[in-house]
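Grab a pencil and let's work through a few exercises together. Each one has a task and then a step-by-step solution.

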Amino acid sequence: MCGIVGYLGGREALPIILNGLKRLEYRGYDSAGIAIYNGSSISVCKSKGKISKLEKQLQKRKNLSGSVGIGHTRWATHGEPNNINAHPQYSNSNKLCIVHNGIIENYSTIKQKLIKEGYTFKSDTDTEVLINLIEYVKIKENVKLGEAVQIALNQVIGAYAIAVIDNDKPDEIVVAKLGSPLCIGVGKDEHFIGSDVTPFIEFTKNVIYLEDGELAIIRNHKDTLFRKIVDDSKISPTINKLELSLDKIEKQGFDHYMLKEIYEQPKAIQDTLRGRLNISKGIIKLSGIDDYINKFLSAKKITIIACGTSWHSALVAEYMFEKISRIPTEVEYASEFRYRDPVVERNDIIIAISQSGETADTLAAIKLAKSKGAFVYGICNVVGSSIARESDTGSYTHAGPEIGVASTKAFTTQMTVLYLMAVKLSKSKGIISEKIFRKYIVEISNIGNKVHKALSANNEIKKIAKKFKSAKNCLYLGRGYNFPIALEGALKLKEISYIHAEGYPAAEMKHGPIALIDKDMPTIVIATNKINYDKIVSNIQEIKSRKGKIIAIVSEGDKEVKEIADYIIEVPDTIESMTPFMTVIPLQLLSYHIAVMLGKDVDQPRNLAKSVTVE
Ligand code: M6R
């Protein structure tokens with residue numbers, strides 16, 4: 001999961017590539033580099049660390065002027081993050097240069113073969129092996145760059161999105177893709193390359209999403225040639241029109257993307273509901289369900305696959321589908337599902353959830369399910385992403401670009417789509433009355449406003465964050481619909497503040513975690529439940545009697561928990577099944593403020609990347 005960028009046209013390539021890398025930095029930030037053909041040779045500048053460091057290096061360099069170039073921001077897989085392992089990687093002759101997102105699994109065998117042929121290696125990367133294999137093929141077979149790339153790729157096992165430039169062919173960039181995303185922006189007499197479209201949205205709205213197993217030879221002032229890697233057959237790709245605009249991906253006055261995205265949730269939810277909810281007519285419109293309603297009505301069970309935060313929204317959906325629509329539902333980590341030989345039968349319904357639409361494990365799990373005849377419904381945020389394209393049908397979440405590594409608005413908009421699905425299916429199955437259905441849809445139409453209200457506790461939450469920022473461990477407890485929110489709250493804290501946190505179903509505490517409770521261990525308890533409220537109150541008492549500190553998330557007007565908790569955060573009242581929309585908001589804010597107070601890099605936490613396109 002790295003980011004790759006490229007440019008070929010009439011402008012200076014360097015600023016376009018550098019800016020593009022900044023937009024893709026969410027994909028990895030262990031090192032970055034740029035290669036430019038400067039009129040006589042390919043010149044490379046690389047730096048360990050973030051793109052700001054590369055930018056400083058670039059200021060010292062003079063020979064990076066040209067209108068053809070490639071760039072890379074890295075999330076390390078093979079070889080530690082340092083200058084030598086940073087991309088772009090040269091071939092032995094320094095004539096070819098490559099950027100690569102993915103993993104070449106058989107790199108070691110290829111490397112041994114190339115060493116026998118006299119090749120030497122400076123880095124520990126699989127990428128340097130690939131570029132030398134391309135060079136070896138080019139010389140041995142006496143072929144042009146495009147053909148050499150194609151022959152070489154037929155020898156590798158693994159995943160890749162690559163862009164290659166050649167000193168002997170400076171008017172070309174060869175790109176190819178298998179398993180990692182790559183798109184080409186088509187301008188007037190110029191082309192842009194990106195792992196997603198953000199590096200070039202201000203230059204062109206025309207985009208081609210390369211498909212797995214495709215290669216393109218992008219040529220200056222000539223048509224791009226598209227081929228299948230495996231058999232050289234020609235392809236005519238579709239040019240898609242982009243709707244994304246630049247202002248949608250900038251910080252707009254917020255200190256961090258994460259905070260901006262937390263505050264965008266009311267709008268993101270409204271955008272996700274737009275056109276799908278008609279209160280006056282009493283209709284939920286989801287074409288992915290409308291078009292396949294019989295499949296859903298005859299479904300014996302639904303299996304939901306996802307990773308990370310998306311997996312938490314799947315867990316909330318398990319409660320929704322079972323309680324509201326009475327459909328047996330299983331939730332699986334995509335990474336486990338794909339390898340455990342699951343029982344999937346023809347026409348089984350699989351829902352795949354992914355913000356990026358590029359998560360390698362989720363994508364592989366979908367392919368596995370489809371190979372067994374399952375019907376796949378994708379819920380993605382990124383339009384045109386691999387998972388969206390691989391699914392049989394589905395719904396976009398319309399959260400807008402999510403740049404902060406910690407997922408926030410993607411989560412609440414995923415829950416929005418899942419909620420619509422659950423209520424719609426319940427109505428279609430005839431298991432709820434018109435009156436109850438109306439109650440649900442009116443409440444759904446109000447979620448955005450209530451989330452807006454929940455955000456107004458921000459200052460209070462900031463004060464609580466100050467008290468607990470030095471905690472070494474935290475426990476998060478919730479029941480029912482709010483058990484997944486306890487998991488999500490713990491994940492948010494872990495990933496951006498590096499404080500150890502665990503989420504548990506509140507009643508499980510007495511089976512082990514209660515041993516952790518002492519005066520230094522804060523417990524965040526979600527206590528908005530209407531069902532089992534008394535039991536949550538008892539859990540809080542149990543913690544109090546062991547001197548544990550309690551931060552409780554309660555519904556406005558709560559009296560009982562207020563009496564016993566050390567700190568309370570009130571959220572707007574709503575029906576039980578919608579409380580996750582309310583309770584997750586203070587947990588996002590709490591993690592955010594703690595991480596900021598600890599001086600952590602909130603938007604780009606260590607060791608993480610926004611989309612995990614490797615296993
Ligand atoms: O793009 P996806 O929704 O498929 O990503 C799944 C996880 O990698 C992601 O949710 C991750 O856990 C987030 N960093 C959590 O905030």
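Before we start, here's how angles work: an axis is a line fitted to C-alpha atoms, for helices over the stretch in contact, and angles run from 0 to 180 degrees between N-to-C directions. Keep in mind that this is a predicted model.

**Exercise 1.** Work out how helix α10 is oriented relative to helix α18, and what their contact is made of.

*Solution.*
- Step 1: Take α10 (residues 308–323) and α18 (residues 483–497); their axes come within 8 Å and cross at roughly 170 degrees.
- Step 2: Angles over 145 degrees count as roughly antiparallel, so α10 is roughly antiparallel to α18.
- Step 3: Now list who touches whom. α10 brings G308, T309, W311, H312, L315, V316 and Y319, while α18 brings F483, P484, I485, L487, E488, L491 and K492.
- Step 4: Sort those residues by type, and you get nine nonpolar, three polar and two charged.

**Exercise 2.** Find which strands pair with β20, and in which direction they run.

*Solution.*
- Step 1: On one side of the search, β19 (residues 349–354) is joined to β20 by six bridges, and the two run parallel. Within this pairing, I353 has I379 as its bridge partner.
- Step 2: Next comes β21 (residues 393–396), joined to β20 by four bridges, again parallel. Here Y377 stands opposite T393.
- Step 3: Trace the path from β19 through helix α12 (residues 360–371) to β20, and you have a right-handed β-α-β unit.

**Exercise 3.** Is β20 mostly covered or exposed?

*Solution.*
- Step 1: Count along residues 375–380: six of six are buried.
- Step 2: Check both faces. F375, Y377 and I379 point one way, V376, G378 and C380 the other, and all are buried.
- Step 3: β20 is therefore mostly covered, with buried meaning under 20% relative accessible area.

Key
Residues are numbered from 1 along each chain as its sequence is written. This is a predicted model: local features need pLDDT of at least 70, side-chain atom pairs count only at pLDDT 80 or more; totals for chains, interfaces and linings use all residues. Side-chain values use heavy atoms; hydrogens and water are left out. Angles under 35 degrees count as roughly parallel, over 145 as roughly antiparallel, 65 to 115 as roughly perpendicular and the rest as oblique. Contact means heavy atoms within 4.5 Å. Ala, Val, Leu, Ile, Met, Phe, Trp, Tyr, Cys and Pro count as nonpolar, Asp, Glu, Lys and Arg as charged, and the others, Gly among them, as polar. Buried means under 20% relative accessible area, exposed over 50%, partly exposed in between (1.4 Å probe, protein chains only). Two strands pair if DSSP finds at least two bridges between them. A crossover is right-handed if, with the strands pointing away from the viewer, the path from the first strand over the helix to the second runs clockwise.
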